[in-house]
Amino acid sequence: MIVPRTATAQALAELPGRNDINSWTVGLAGGLLEGSYIRYAADLARALNDGSNLRIIPMVTFGAVGHVSDLLYLKGVDIAITQADVLDYFEQEQKIPGIKGRIHYISPLFLSEVHIYARSEFKSLADLAGKKVAFNTVGSAANLTGQIVFRRLGITVEPVFINNAIALEQMRTGEISAVVHVVAKPNDAFTRYKPEPGFHFLPVEYNSIFADFYLPTALEATDYPNLIPAGGKVQTIAVLNLLAVFNWASDSDRYRRVSRFINAFFNNYDKLKTASFQAKWAEINFAGTVPGWTRYRVAEEALAKFKAGGPNQERLRSQFEEFFKSFAKKAGNRKFSESEREALFKQFVEWEQKR
């Protein structure tokens, strides 16, 4: 017997818990498989998923530039990881009206370093003038930030937009002169790459032309021991990444979903800093600001609670009570006044923060 499609759809709709599962599902644009975004998206899903109360769905997408378009137009994308320089591009180059009011940020994240890997005959960025340079696929961070670097330095290259794995192979044959990858170091595209004699990273010297969205940094031998000699380093620049969100109206279903995500995100700050997640979570300053961006109002409220110890208050209280039992026993089980207990709790919190 063939079950009519309409009957099947109706039966699925009536499955126990189906509506509960979908009520608190949040779509997170996580970038390309060879990038770093998808790993942080997976971390967020692992740390924040809470059964039918909240479920994060990381999506394999096109990258930093494409993520802003996804937030604007793609159904199912509620939150995205992107870069600080992307919004300016959409305002200045794409001329999207009111873009800075439509896309806000939740929190700054980690840095992505500019990697420019070239054949042996090219000793500087200027040597690449007129040559074919791969900028990953359209919509990626390399596509935007990589081209910004060359444009600001006044170096005209022939851009090629292909997957990095293919581009690195074409470097070997000489079809492509260099590959640009903008990603958090160390990245698998290079750590797993079998080096060719003389192939090397080119330096990107920081100066005032990069002062708006970029920071000076370096690629070091500890990041890529197979590509950089022991003790060596290559100067480059980095761009700040962030969690972005569409500025949903407060009476919308999407606002309700992202609000729950944001509160869970700040409440699980400590969990993300543990060894089972990406190392750069420990470097993130959630209270930091992002130039040219507006923090989403729900995130502002969550951050205020976070600064006041709100998200961790319940956990700290629980830990303090265990500590206090032992402390009171050592003090001969004497009675402590409420003011004394609060003073001890304050000292405990300060100790915990320092630890």
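The sections that follow move from the whole protein to individual residues.

## Basis of the model

This is a predicted model, in which local features need pLDDT of at least 70 and side-chain atom pairs count only at pLDDT 80 or more, while totals for chains, interfaces and linings use all residues. Residues are numbered from 1 along each chain as its sequence is written, and side-chain values use heavy atoms, with hydrogens and water left out.

The mean pLDDT (the predictor's confidence in each residue, from 0 to 100) is 88, and 90% of the residues reach 70 or more.

## Overall organisation

The protein has 14 helices and ten strands; both are DSSP runs numbered from the N terminus, helices being H or I with at least four residues and strands E with at least two. Along the principal axes, the C-alpha atoms fill a box of roughly 80 × 70 × 45 Å.

Of the 355 residues, 48% are buried, a term that means under 20% relative accessible area, with exposed over 50% and partly exposed in between (1.4 Å probe, protein chains only). Among contacts with a separation of 6 or more, 76% join residues 24 or more positions apart, where contact means heavy atoms within 4.5 Å.

## Helix H8 and its buried face

In helix H8 (residues 164-173), the buried residues are Asn-164, Ala-167, Leu-168 and Met-171. Seen down the helix axis, these residues fall within an arc of 100°, so they line one face of H8; the arc is that of the directions from the helix axis to the C-beta atoms. An α-helix has 3.6 residues a turn, so residues three or four places apart point the same way. The buried residues of H8 pack against strands E4 (103-118), E5 and E7, and against helix H9 (188-191).

Asn-164 has a relative accessibility of 2%. Apart from neighbours within four places in sequence, Asn-164 is in contact with Glu-34, Asn-136, Val-179, Val-180 and His-181.

## The cavity

The structure holds one cavity of 30 Å³ or more. On a 1 Å grid over the protein atoms alone, a cavity is a set of points where a 1.4 Å probe fits but cannot get out, and lining residues have an atom within 4 Å of a point. Grid points are joined across faces, edges and corners, and a volume is the space filled by probe spheres set on the points. The largest cavity contains about 150 Å³ of space. Its lining comprises 16 residues, of which Leu-32, Gly-35, Ala-141, His-181 and Val-182 are the closest to the centre.

Helix H7 (141-152) and strand E7 (178-183) each supply at least two lining residues, and E7 gives the most, with three. By class, the lining has eight nonpolar residues (Ala, Val, Leu, Ile, Met, Phe, Trp, Tyr, Cys and Pro count as such), eight polar and no charged ones (Asp, Glu, Lys and Arg), Gly being placed among the polar.

## Phe-324 and Phe-336

Phe-336 is placed in the loop between helix H13 (310-330) and helix H14 (338-354). With a relative accessible area of 16%, Phe-336 is buried. Beyond neighbours within four places in sequence, Phe-336 is in contact with Phe-324, Phe-327, Ala-328, Ala-331, Arg-341 and Leu-344.

Phe-324 lies in helix H13 and counts as buried at 9% relative accessibility. Not counting residues up to four places away in sequence, Phe-324 touches Phe-336, Arg-341 and Leu-344. The C-alpha atoms of Phe-324 and Arg-341, 17 residues apart along the chain, are separated by 8.5 Å.

Technical notes
On a 1 Å grid over the protein atoms alone, a cavity is a set of points where a 1.4 Å probe fits but cannot get out, and a pocket is an open set with protein on both sides within 12 Å along at least five of seven lines; lining residues have an atom within 4 Å of a point.
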